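Please read the following note alongside the sequence and the structure. The points concern a ligand and its surroundings.

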Amino acid sequence: MADIQRGEDRNKELDDPRGDGRVPTVICDNVHIVYRVHGAGSGKGSATAALSRIVTRKASPNVREVHAVRGVSFVAYKGEAVGLIGSNGSGKSTILRSIAGLLPPESGRVYTDGQPSLLGVNAALMNDLTGERNVILGGLAMGMGKDEVREKYESIVDFSGIQEKGDFISLPMRTYSSGMAARLKFSIAAAKKHDVLMIDEALATGDRRFQRRSEERIRELRKEAGTVFLVSHNNNSIRDTCDRVLWLEKGVLLMDGPTEEVLEAYEEFTGGK
Amino acid sequence: MSIVSDTTHNGAVAVSAPENAPRVPSVDGGLSLPELATKYGLTVSGARPGLLDYVRQLWGRRHFIAAYSIARLSAQYTKARLGQLWNVMTPLLNAAVYYLIFGVLLQTNRGIDNFIAYLVTGVFVFNFTQASILAGTRGISDNLGLIRALHFPRASLPISVTLIQLQQLLYSMIVLVAIVLMTGELPDFSWFLIIPTLVLQAIFNIGVALIVARLGAEVTDLAQLMPFLLRTWMYVSGVFYSIANVVKHLPTWVGWMLDLNPAAVYIDLIRFSLIDSFTPAQLPHHVWLAAVAWAVIAGVGGFVFFWKAEESYGRG
Ligand SMILES: Nc1ncnc2c1ncn2[C@@H]1O[C@H](COP(=O)(O)OP(=O)(O)OP(=O)(O)O)[C@@H](O)[C@H]1O
Ligand SMILES: [Mg+2]
């Protein structure tokens with residue numbers, strides 16, 4: 001069915017009035033995202049406190065709201081690699097979760113082409129299963145066929161490089177170091193052609209060699225006409241992979257433009273390099 | 001993925017023209033963002049697919065569901081030294097404990113021929129439903145990592161949970177058949193009735209697992225409450241006593257309720273298949289009708305109920 005969709009896109013490119021061939025893949029239209037935190041505030045853990053909270057909750061709901069993203073709008077196009085920067089808690093992970101369809105916006109809409117995939121830093125696969133099983137299950141869960149998984153298995157394991165130090169692929173994932181787990185996760189996700197792939201600091205724990213290799217792979221994915229979002233606190237890694245950067249601060253989109261321009265302003269804001 | 005989705009989009013609240021909306025400089029001939037989205041056939045992210053689409057997506061992931069449940073079952077006992085042997089040991093020990101308490105100490109066996117076979121069948125068959133529901137309750141919350149990492153129809157998880165328990169039950173069935181043969185029953189044609197009964201029970205279990213999976217994702221305290229609910233259910237399901245013997249002293253409507261209890265229906269059907277002294281007279285009225293009806297109601301109802309909240313399971 002994805003083929004049909006792509007075919008239609010091609011038709012649309014034909015009747016694109018301006019003929020610049022830029023096809024949008026992600027559209028955020030004035031997106032607001034609010035987290036609701038239940039049972040925040042008066043934090044005594046005793047049974048009587050809990051009981052009184054249950055009783056009083058009926059009168060006044062004890063819910064705190066965190067307005068994490070405030071009116072963000074942008075359009076991302078096919079073949080773009082978009083960097084997301086901003087200080088801790090500025091809403092980068094939140095907006096990606098919303099683009100991935102995991103967190104419905106409070107108001108506004110997110111439109112996407114196909115199903116975006118989010119590769120998060122704390123997204124564990126199945127820790128009690130071996131790396132081998134995780135590769136197979138991950139592939140099947142992403143919608144690959146049995147044969148396709150078998151075909152790609154070798155290249156996924158090779159790419160992750162976790163076999164280089166011994167036979168780790170047959171050990172449960174809970175025995176992996178955080179960098180090894182991140183490598184395997186990225187390799188699984190990168191094996192498939194994604195219309196939109198979002199990487200949230202997932203490469204940060206990988207070593208320099210793996211970061212280089214995955215940056216290479218990100219460039220390939222872009223060439224396959226997908227869109228890639230990359231969150232990183234490492235400006236160099238953004239510089240190497242992205243041609244456009246969004247700068248979020250306190251949930252507001254401060255700047256949206258070419259990488260150098262935005263990074264320069266951001267580096268000034270954060271106090272030099 | 002169909003481009004036109006016929007469902008309403010939960011969660012994505014449409015706002016009517018916000019006055020201070022910062023607009024991106026329009027790139028495509030002055031189209032607004034929603035118009036641009038429509039023009040290029042983009043869909044609202046995270047919108048729930050239509051019911052038929054959902055079924056189709058789920059069918060597309062059947063290999064994932066199968067591989068996942070096999071992997072999970074084999075990972076279950078990897079930390080124990082005896083490994084896979086526990087698949088058989090666990091039901092055996094269970095049966096021994098129940099026999100000691102209810103057969104020897106409490107003597108609930110009055111009026112039941114071949115009590116060992118009667119009891120063990122009840123324990124194993126009820127355990128299938130019980131374990132599916134318990135695991136289903138945690139089906140979403142235990143797998144949030146997977147749910148947030150990859151996209152797949154979330155109903156895969158409660159369904160695999162039940163399939164894991166079905167495999168577990170098949171191990172138990174080997175033990176059960178051995179016990180039944182040892183107590184002097186002989187295989188006959190009625191043993192084949194086990195197959196349709198287990199199929200119906202599995203569908204029923206999947207349905208209930210889907211329901212509690214959604215409830216458990218929304219109300220996390222349910223996982224704490226569930227063991228008590230299930231124990232109560234077991235006590236009224238005639239696992240270690242005969243309902244027919246008990247209802248003589250109770251009002252008729254209570255008897256009706258006990259007979260309609262799905263757990264009792266499936267347990268009695270397996271007993272009827274395996275045990276010669278368990279006669280058709282001991283079966284509840286319209287027992288096959290009840291077995292099919294429960295499977296259809298729970299299966300269809302549970303599936304639709306679960307699907308209705310599909311877009312919300314990643315939130316946690
Ligand atoms: N599950 C949650 N419940 C409540 N509030 C949350 C939750 N997750 C994030 N927030 C809040 O939303 C805001 C944005 O968080 P987010 O994780 O998107 O930041 P970030 O830009 O990814 O930061 P970092 O660079 O540290 O990863 C923060 O104020 C945070 O407290
Ligand atoms: Mg983050």
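Helices are DSSP runs of H or I with at least four residues, numbered from the N terminus. By this numbering, helix 3 of chain A gives the most to the shell around ligand 1, with three residues. The model is predicted, and the points below should be read accordingly.

1. Composition of the shell. There are 13 residues around ligand 1, and Gly89(A), Lys92(A), Ser93(A), Thr94(A) and His233(A) come nearest. The shell divides into four nonpolar, seven polar and two charged residues. At least two residues of the shell are supplied by each of strand 1 (24-38), strand 2 (63-77) and helix 3 of chain A.

2. Polar atoms facing the ligand. Thr94(A) places a polar side-chain atom 2.4 Å from an oxygen atom of ligand 1. For Ser90(A), a polar backbone atom is 3.2 Å from an oxygen atom of the ligand. In Tyr35(A), a polar side-chain atom lies 3.5 Å from a nitrogen atom of ligand 1. Of the 630 Å² of accessible area that ligand 1 has on its own, the protein covers 65%.

3. The position of Ser90(A). Ser90(A) belongs to the loop between strand 3 (81-85) and helix 3 (92-99) of chain A. Is Ser90(A) buried or exposed? Its relative accessibility is 2%, so Ser90(A) counts as buried, the limit for buried being under 20%.

4. Contacts of Ser90(A) within the protein. The side chains of Ser90(A) and Lys92(A) make a polar contact at 3.4 Å. Leaving aside residues up to four places away in sequence, Ser90(A) touches Ala68(A), Leu248(A), Glu249(A), Lys250(A) and Gly251(A).

Note on methods:
Residues are numbered from 1 along each chain as its sequence is written. Chains are lettered from A and ligands numbered from 1 in the order in which they are written. This is a predicted model: local features need pLDDT of at least 70, side-chain atom pairs count only at pLDDT 80 or more; totals for chains, interfaces and linings use all residues. Side-chain values use heavy atoms; hydrogens and water are left out. Buried means under 20% relative accessible area, exposed over 50%, partly exposed in between (1.4 Å probe, protein chains only). A polar contact is a pair of N or O atoms within 3.5 Å; within protein, one must be able to donate a hydrogen and the other to accept it, and residues adjacent in sequence count only if both atoms are side-chain atoms. Contact means heavy atoms within 4.5 Å. A residue is near a molecule or strand if one of its heavy atoms lies within 4 Å of it. Accessible areas come from the Shrake-Rupley method with a 1.4 Å probe; for residues, only the protein chains shown count as cover. Ala, Val, Leu, Ile, Met, Phe, Trp, Tyr, Cys and Pro count as nonpolar, Asp, Glu, Lys and Arg as charged, and the others, Gly among them, as polar.
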